[in-house]
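Trainee: Could we go through this structure together, please? I would like to begin with the helices and then turn to the sheet.

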Amino acid sequence: MPSSNDPDGGGSNFPSLEKGENEGGKLKFEAWSEQTSSPSSSNVISEYYNKSPKADIQDAPQSSITSLGASGNMTPFSSTKKVLLNQLNNKRKHSESDSRPASPVFDPEEDLKTRETNLQRVYANQPILDIPDLTTLPKIPVLPQSERDFIARCLQLEYREGQFDWPEDWSGNLTLFFKEITVKAHDSDQTITVGFAEHYQDHWRVLIKFFALVIKLEDMPAEAIRILTYAAARESMTTTQKYGFMVEAVQMTLFDKKVLQEDNWQTKPTKLPQETVDEGGNVVRGMDHGGTHFIGRSVYWVGSEAIVVAFVRDDEIGDLWKVKWVNEIDTCDLEHSELIKGLKAWDRHLARKAKVNGGGGSSKSHADTGGYQSKKSKVRYGDPEYIVPGIDKGIVLARSSHTGARPDVLWPARVMHHNETKLLQQSKRGRPKENGTHSCELVFFCPYWGQSPGTSAQKAGWSYPIASIFETENVEANKTCIQAYGDLKEIDIAELRSSFALTGLAKSTFKYYVDAHRLALGFLNYANTSLQPPQEANRATPDIAVLQGCHVMSLQTPLFPSGLLELPWGYVLSGLDNSFSQSGTDQIREPPLNLQGMLAALERPHSIGGPDLEYGDKDAPLRAHVGGSEERNGANDMEVEVTPDPNSSQPSGDGSVRGDPLPTGQMTTIDYKHLKIDQFVGLNLLVTMIKEGHSAFSKLSKAAKEAAKESQPVDLSGLGETFLSVLDMVSKQVKNYNSEQKKGEGVNPHEWDGNTARVLQTILVLKVRGEDTILGSFVGLTDREKCKDYLAQWRNACERLFRFARRMLSWEESGGGVSCVLTDSNCNGHLTGSGSFERSVRLPAALKGARNAGYKPVKGRFKIHTSVEREFTKLATETVLPMVHEKKYLSRLRKRVEAISGFERGVPLTDDSDGKGGDDTGGSAGSYNAAVSGVACALKAVKMVVTGQAVNAFCATRPPGHHAGTGLKAMKATSNGFCLLNSAASAAKYAVAQLEDGGLGLKRVCIIDFDVHHGNGTQDILCKTYDPRFLYVSMHAGAKYGSGDGDSESDEEDEDGMKRSKAGRADDIFPGKCGDKSPHGGVLNIPMGQKVTAQLVGQALSGVINNAVGSFSPDLIILSAGFDAHVNDPLGLGGLSASDFGAITDLCCRFAEWHCSGRMISVLEGGYGVPCCKFTRNDLFLPENYQMGDTEKKVIGLSADTRAKIGWVEEENNSDEMPAWMGRDLLRCAQEGFVECVTAHCKSLKNGAEIFKP
């Protein structure tokens, strides 16, 4: 190996071809055209042409089969085997004919045109270089043997029998340009693997010598010599640009058409040869007559589409086909068996793609159908066995294929029962033919794609703007098209506004969005309270559905009364309050529509002497009557019902704090002097806690006393005693606090914070132990629903008491309505290398975003805490971090940092024993303290929200941590991804640790990660195996959206025979495939494809995440807040705006409000869209005589603006150096970037805290 100080190997008279580096000269940048991919529609091997699907009907069992009759009753079905098979055959043929496209007829002429188009697509992406004739280019001298040996040593070629082992042909020698070599890491004894050209890119003379060596090979094509010579002689401004020119030339040479032709490759496609018959009568197909008919065909190789660009017949190897990847510059040569494998893989790839995208359909409007419209959806290949959770209630979220609807927006809908569908087919509405067992008939509520004004609803005198209040549509039954609606109990306008903001729909459609959910929640409430599921629905199976010619969900969904479906819905909706659509008022909650009352009003009007209705005003019949409430949220949660109604609605089954708002006129404010247990505990649970004869029994309402006398499934009187004692403690503490306030002396902040902390922690410990008591009481009992209800009511009662105590014990800087930002100056001691996206300027930029949101480093409800106390750093190093990371990892990291001198930066910290995986995670002498301080801030934030000092908190710290696992490179990632210590996981572990172990004693913590990358480290630490204490949710780029629900067949053989996720290729997105699926119930991974969009995030938050968090019922929520999914972030994996991050945070705040009284912390992860803070002419490597263009001027000018914007001050060893390309890429962040994302995030946190303001 040559010395790194003398790359020329001792000097040479080899002439310099580098002009731009010393003399200047204007660059001519060649733009690569944008590459696109349009798959070929033809099969490749002749035996696959004109094939048609076959329906193989296997023998059915001889036993009796049960079928659903037209009336819905179960009737025995028995017949001979022949009749049964005929019926099954007809059903399956019908299903297949509707769901499978017809096979195309092969046309040789059309096939040739398709392949020629593919070749044009490949060569259209070839760089357009104005290369002069070879005679006008500088003459490349022949390298002496010493120089050839020098290049061989640089390439680390094997030395055999007195000479180096060079490849035999010119292309093999040229590909050595990308050969991996082993070199020593910077200032370390470790070795790393790097490409030859990449390693020597700064020593361009080494690469020039390599070119000279290859160019002088005897078999080198003349066109290849011309391309490589031009790259060597081409003017450049920097060594980086020179390296780019040379890489471009090598890649171009390997697939250039003229080069291939000179090297005896055939590049012209031919038609598929006709079949011939040999002397033995055997059919000889085209493969026996040459391989040019494969040129232009698509193959699927190494996970991507590639096009066959050339064919050659090699006497030693045999037939070879050269293929070029469509979206890359790379090429490779395939042998016959490999080509066939790639062709078949492409066929399978097309089939899968067609299965997802499908074909078209037709629609038909009906003006006289009472508000109904009908449309046939596109074929999307439904699953006959797919059953959406909650189908027994009939309400779902679904995608419409209407031409006016966005295909990526989920909209509330109702699944029609099979009997209802049959009646609709027989009516005058003229239903289109349904798609058998693969789809369901859905009714979309208030579709925004409905008719324009001037409709039948308006003609009838109603003010509702669209006629199509209901639209029926045939939708494929799969998890992409139909998803669970969730178990909501009320309409929350603020929540709907936040989720609507992520749909990308026009603001004018928000009214329809709200009304759609009003109807959905009304039907859902009716199904919960007034419908009994039919017995046959529980017995409906996919096999029975086949016999009925429908999907199984069409049998399991409830059959709503016809009177309910025929209500004057235009009148109903036009009478609702829609002032929010103009005012933008968010703090509005509505109970569900009272559909029971509407039907009662129709069935028993006053004129015939029926009982008086209990609704007095005109709006009352539209709202569900809720006599007693399990909950009232937010700022008004202290308004509780003094006398519970015996007809109290049941609590939510998911254990959420959320509940039904109370009727107006039955509310009063709690008086701390007269606290009663029934002001906090729901009636159903209360009667198990307080028995007749108890001292508190006399204070109960009359209804509660009567209910308490009845027998109960369990006796929870002991739990009632404990709750009463805590209630008494809270009452006394509030009384003392108010006494101090009345004295006018104020309160001692530290003393009262300590008292409040003890009270609130006692309540949360009571919540945990009470859950264990309830679960223990039901051991051996079968009434799981009753147990679930009791748990939900108990959680509600404890959270209600928590909020009451926090509110009553609040003061200026602590308690309800308080949100804070935590940071520490040590976090800026982590200095990365030039070119790293994780720069030190991120911290002042994050703090600037917080200040823009209204947080200040002064006293107040929104304070920035600029340092973290030593007690938390000690807690982190001695207690928490050993629970999170392996001791050897912590020790190794600490020793690595200690070995760094004071002026070094960007030193690899997380490379393994082979020197790999550390390039992206560099640091400096202050890196370990910075990471520990970040963890300490997260621990302090958790303690503040659990002990009531704040409702929520944001940790503006760095380095990030969600890729840091228990050890190096979590879940087989290639590196640690900028991360050293995992703050989010540390906070979660601290929260659930027992009090005696130094923790906070919580039972469940939910982590929601919206960084653009999967948090493999957090999943590795908390959820390597199922742990009921944790729920990890991640929305990230990679694979396909919807593949993270854990039930996909994730490790099947892919199109090219490789084992990888069916969801799609995620290897190229860090940290790999580990986030493609959810391994168990404690993980919900939601990969969103190659780019994260607002629509996908909104659907996930409003759908599967909402349901998962509700079922989990966390005591604390932790956000891994990464902002690298922003549209301007340099990583380029996201399409979100700053306002989208605000909407995401709004929804997360709602989760915290519903389930854990707002307790939530946010930990900064990724997000790199901060323009350069220090850029000068010298940073661009521009010669003095070079005239700067507009781009260069913008980079330099913007750096000064950015310094002023975020208040960044350069210090010693804390510069913001970066390559010129990186400075240009960050220009777009000036309009909107990282600062604006943090601002939107913090504003939403403020709003989430203000809900609980005293």
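**Helices, sheet and cores**

Mentor: H29 and H32 pack at an angle of about 95 degrees, and their axes are 9 Å apart. H29 is therefore roughly perpendicular to H32, a label for angles of 65 to 115 degrees. Axes are lines fitted to C-alpha atoms, for helices over the stretch in contact, and angles run from 0 to 180 degrees between N-to-C directions. Helices (H or I, at least four residues) and strands (E, at least two) are DSSP runs, numbered from the N terminus.

Trainee: What should I know about the model itself and its numbering?

Mentor: The model is predicted: local features need pLDDT of at least 70, side-chain atom pairs count only at pLDDT 80 or more, and totals for chains, interfaces and linings use all residues. Residues are numbered from 1 along each chain as its sequence is written, and side-chain values use heavy atoms, with hydrogens and water left out.

Trainee: Which residues in H29 and H32 meet?

Mentor: From H29 come Leu875, Val880, Leu881, Met883 and Val884, and from H32 come Ala985, Ser986, Lys989 and Tyr990. Contact means heavy atoms within 4.5 Å. By class, there are seven nonpolar, one polar and one charged residues. Ala, Val, Leu, Ile, Met, Phe, Trp, Tyr, Cys and Pro count as nonpolar, Asp, Glu, Lys and Arg as charged, and the others, Gly among them, as polar.

Trainee: How do H29 and H31 cross?

Mentor: The axes of H29 (residues 870-884) and H31 (residues 927-946) come within 8 Å and cross at roughly 100 degrees. H29 is therefore roughly perpendicular to H31. Among the residues that meet are Phe872 and Leu875 in H29 and Val932 and Leu939 in H31. This contact divides into nine nonpolar, two polar and three charged residues.

Trainee: Now the sheet, please. What is the strand order?

Mentor: The open sheet of eight strands has the order E25-E24-E28-E33-E32-E29-E30-E31, with parallel pairing. Two strands pair if DSSP finds at least two bridges between them. E25 and E31 (1083-1087) are the edge strands, each pairing on one side only. From one strand to the next, the twist averages 15 degrees.

Trainee: How many bridges join E24 to E25?

Mentor: Four bridges join E24 to E25 (residues 862-865). Ser819 stands opposite Phe862 in E25. Both faces of E24 (residues 819-822) are covered: Ser819 and Val821 on one side, and Cys820 and Leu822 on the other, are all buried. Buried means under 20% relative accessible area, exposed over 50%, and partly exposed in between (1.4 Å probe, protein chains only).

Trainee: Is Thr957 buried or exposed?

Mentor: Thr957 is buried, with a relative accessible area of 1%. The place of Thr957 is in the loop between E28 and H32. Leaving aside neighbours within four places in sequence, Thr957 is in contact with Leu822, Cys827, Leu843, Gly934, Cys937 and Leu1164.

Trainee: Which residues have the most contacts inside the largest nonpolar core?

Mentor: They are Phe723, Ile774 and Ile1118, in a core of 99 residues. H31 gives the largest share of this core, 13 residues. Apart from it lies another core, of 66 residues, among them Leu843 and Met1160. A nonpolar core is a set of buried Ala, Val, Leu, Ile, Met, Phe, Trp, Tyr and Cys residues joined through side-chain atoms within 4.5 Å.

Key
Parallel < 35°, antiparallel > 145°, perpendicular 65-115°, else oblique.
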